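Visitor: Could we go through this model together? I would like to begin with its surface.

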Amino acid sequence: MAGVVTAAVEAPTGARKPVPPPRSRPLNVAAWTGVALTVAVTAAVVANAVHRLPAGSVIVLAVAVVAAVLVGIPAWKGLRGSAASARALSRGAITDARRDAAASRESSWTALGVAGFCLCLMALVFFLTVSDGIVRETFLRWDLMRTSFAETGKALWHNVLIALVTQALVLVIGLLLALARLAPGRGGRPLRLLAIAYIDLFRGLPAIVVIYLVGFGVPLAGIPVISDAPPVVYAVVALTLTYSAYNAELYRSAIESIHPSQESAALSLGLSRAHTLRYVILPQAVRRIVPPLLGAFVALQKDTALVNVVGIIDAFAQAKIYSANYYNLSSVTVVCLLFVVITVPQTRLVDYLLARGERKPS
């Protein structure tokens with residue numbers, strides 16, 4: 001019996017043949033096609049951009065040569081690797097053939113990636129220089145951007161203030177809504193129904209509609225005390241109503257992600273349900289949703305640009321005043337740049353926290 005088993009195992013092993021590497025020629029052809037396309041498109045776009053300059057032809061030639069070098073070097077390495085793989089395969093060196101083929105594919109993919117980047121860059125250049133730069137004059141007039149920067153930057157303070165106050169309220173109200181939706185037992189059913197109705201309603205309404213209803217509806221209703229509030233208060237209330245619904249779902253998903261054994265262990269040690277929630281469940285849940293909460297805060301900051309519908313002179317409203325006076329949108333471009341400067345570092349922080357969370361052992 002032992003001999004039969006040995007023969008059954010050894011027969012396939014002896015008959016096994018080395019697997020040749022996958023072909024890299026098609027990828028090489030695609031890489032060199034990318035080289036040709038990149039050089040042609042780059043030359044055409046640069047020629048359109050500098051056709052009025054005295055040294056236009058020299059500039060076109062220089063940029064085309066640079067593009068050819070950037071894309072051609074990895075494409076050439078891919079072709080050499082493919083040839084080396086074919087030679088190694090012809091002499092039976094399968095390991096060397098597979099290594100050279102892998103290096104060839106990597107170089108060809110690099111060439112295609114660089115070609116794609118260059119083509120996207122040329123598309124942007126073409127967009128900015130088409131029709132003698134009419135797009136650039138409409139969106140990127142430096143003198144108007146410099147003129148509107150100071151006033152637009154001051155008005156941005158309204159956006160920052162609204163975002164900070166709203167986020168502080170949203171963190172508290174969203175947690176209360178999540179706890180109400182998770183209220184246990186028959187006695188908690190009314191709270192669950194109210195929380196579900198609130199969350200479904202305000203997650204389904206556009207933020208600008210809520211801002212409009214609150215900003216104009218409350219003053220029109222003539223409710224004592226609150227009808228005389230400044231527009232900034234109405235903006236904070238409207239954004240709080242909207243984003244509390246989103247944050248409530250973040251809290252709820254985090255709380256439900258904690259394994260039930262954590263709660264059972266805490267209760268078995270004599271902790272009450274309130275203490276279990278406060279000292280065991282919530283600390284773990286909050287750590288898990290810090291990145292999503294920061295992502296929601298970034299979205300909230302961007303939505304503060306909607307508050308101009310109730311008469312608040314925020315950055316966007318100030319930019320619209322400049323654009324109406326000068327018949328140009330360069331001031332709106334300033335607003336875009338200011339929001340990007342504020343939100344991009346926070347977005348990178350969210351990515352960092354997510355990556356750090358993935359590196360931690362579970």
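**Surface, fold and charged pairs**

Guide: Trp-157, Leu-161, Val-165, Leu-169, Leu-171, Val-172, Ile-173 and Leu-176 make a nonpolar surface patch of about 670 Å². Patches are made of residues with over 30% relative accessible area and no salt bridge, with like charges joined within 9 Å and nonpolar side chains (Val, Leu, Ile, Met, Phe, Trp, Tyr) within 5 Å. Accessible areas come from the Shrake-Rupley method with a 1.4 Å probe, and for residues only the protein chains shown count as cover. This is a predicted model, in which local features need pLDDT of at least 70 and side-chain atom pairs count only at pLDDT 80 or more, while totals for chains, interfaces and linings use all residues. Residues are numbered from 1 along each chain as its sequence is written, and side-chain values use heavy atoms, with hydrogens and water left out.

Visitor: Where is Val-165 placed?

Guide: Val-165 belongs to helix H5 (residues 142–181). Helices (H or I, at least four residues) and strands (E, at least two) are DSSP runs, numbered from the N terminus. Val-165 counts as partly exposed because its relative accessibility is 37%; buried means under 20%, exposed over 50%, and partly exposed in between (1.4 Å probe, protein chains only).

Visitor: How many helices and strands does the chain have?

Guide: The chain has 12 helices and zero strands. Its radius of gyration is 31 Å, well over the 21 Å that the globule rule gives for 362 residues, so the chain is more spread out than a compact globule. That radius is taken over C-alpha atoms, and the rule is 2.2 Å times the number of residues to the power 0.38. The C-alpha trace spans about 90 × 90 × 25 Å along its principal axes.

Visitor: Changing topic, what is the count of disulfides?

Guide: The count is zero, a disulfide being a pair of cysteine sulfur atoms within 2.5 Å. The sulfur of Cys-118 has its closest cysteine sulfur in Cys-120, 9.4 Å away, which is too far for a bond. Cys-118 is buried at 11% relative accessible area, whereas Cys-120 is exposed at 57%.

Visitor: And how many salt bridges?

Guide: There are 10 salt bridges, each a side-chain nitrogen of Lys or Arg within 4 Å of a carboxyl oxygen of Asp or Glu. One of them joins Arg-181 and Glu-249 at 2.8 Å, N to O.

Visitor: Which helices does that pair link?

Guide: Arg-181 is in helix H5 and Glu-249 in helix H8 (residues 231–257), 68 residues apart. Salt bridges with shared partners join Arg-181, Arg-203, Glu-249, Arg-252 and Glu-256 into one network.
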